[in-house]
Amino acid sequence: MAVTTMDPKSDYTSQPEDSLGNVGAPILSATGLEAPVSPRGKHYVCGSIAAFTNILVTFPIQKVLFRQQLHGVRAREAVTQLQRDGMRNLYRGLLPPLLQKTTTVAIMFGLYEDFSRVLLDQVPAGSGIPEVVTRSFAAALAGTAEAALTPFERVQTLLQDHRHHGRFHNTAHTFRTLLNEYGVKECYRGLVPILIRNGPSNVLFFGLRGPIKTQLPEATSRPGHLVNDFVCGGLLGAALGIMFYPLNVVKSRAQSQVGGAFRPCGEVFMTVWRERGGSVAMLFRGAHLNYHRSLLSWGIINATYELLLKVF
């Protein structure tokens, strides 16, 4: 069963089945690394298309979740707010996450594969450095690189926040206003929680994707592989979404501010904590919806990505 993960049967390191041996046996060889079986760019393309598909399906759910993160309201109240905003505003703010997610997921998968190939190629034979360490570092680097696209998350936050509906008209207008009135730095408000979130979440995603899939019933058909990839990606995405949920709450609060001092991540967290009465339940309000959204989103992304790898 081919698994493109940190475990470590990635696409460019795949070898004939009879040379793989047991799951726990060493799989890579220098020859395998030097001779990719397919163009490297396809990982970027497949990741981008997978993210595009996901965003179109899950954007309304994301808007409900955002309202819960920002205001600490129940799901029903968040839905009521969106109903009051009207259907014309339901997909308001779609372009930034569409641009951001298609690019970041492309970077996530593509750079992970490229960094892994380069780093593994540089590790001297017999160095004693476990491959999982090298691949974890590659995943962390890819996650850090994704943070360069923070401005898209920033603009998405402002367009989804109903308090800014009268000020920011669309994606281009929001970018133009931020740059003209506040400068480039304002576009990167909320960068710290994004950096803290991206690296570790990438390491866990790529590190656990393979082991989880090997525990699922072995697929013998393309639909079976599709289901396994959906379940594997969905479970990981949902678990990581819960784990890093407080960081997303802090990010949403920080990015909802326009102008003024840049407050430290810890200070923003303490403000939210006090406002919600020091209640963990209130801090995680919206987490159940985030769980289901992440389950669906990362299931779609992982299944679509793996399917596209076989198509291209």
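Glu153, Arg197 and Lys251 are linked in a network of salt bridges. A salt bridge here is a side-chain nitrogen of Lys or Arg within 4 Å of a carboxyl oxygen of Asp or Glu. The model is predicted: local features need pLDDT of at least 70, side-chain atom pairs count only at pLDDT 80 or more, and totals for chains, interfaces and linings use all residues. Residues are numbered from 1 along each chain as its sequence is written, and side-chain values use heavy atoms, with hydrogens and water left out.

Start at Lys251. Helix H11 (residues 245–255) holds this lysine. Helices are DSSP runs of H or I with at least four residues, numbered from the N terminus. Lys251 is buried, at 9% relative accessible area. Buried means under 20%, exposed over 50%, and partly exposed in between (1.4 Å probe, protein chains only). Beyond its neighbours within four places in sequence, Lys251 is in contact with Glu153, Thr157, Gly190, Pro193, Ile194 and Arg197. Contact means heavy atoms within 4.5 Å.

The whole structure has 14 salt bridges. One of them pairs Glu186 with Arg154, with the closest N and O atoms 2.3 Å apart. Glu186 sits in helix H8 (residues 184–187) and Arg154 in helix H6 (residues 150–160), 32 residues apart. Both Glu186 and Arg154 are buried.

Arg163 and Asp161 also form a salt bridge, at 2.8 Å from N to O. Asp161 is buried at 0% relative accessibility. Arg163 is partly exposed at 49%.

Glu181 bridges to Arg167, with the closest N and O atoms 2.9 Å apart. Glu181 lies in helix H7 (residues 171–181) and Arg167 in the loop between H6 and H7, so this pair ties together parts 14 residues apart in sequence. Glu181 is exposed at 52% relative accessibility, whereas Arg167 is partly exposed at 34%.

Methods
Helices (H or I, at least four residues) and strands (E, at least two) are DSSP runs, numbered from the N terminus.
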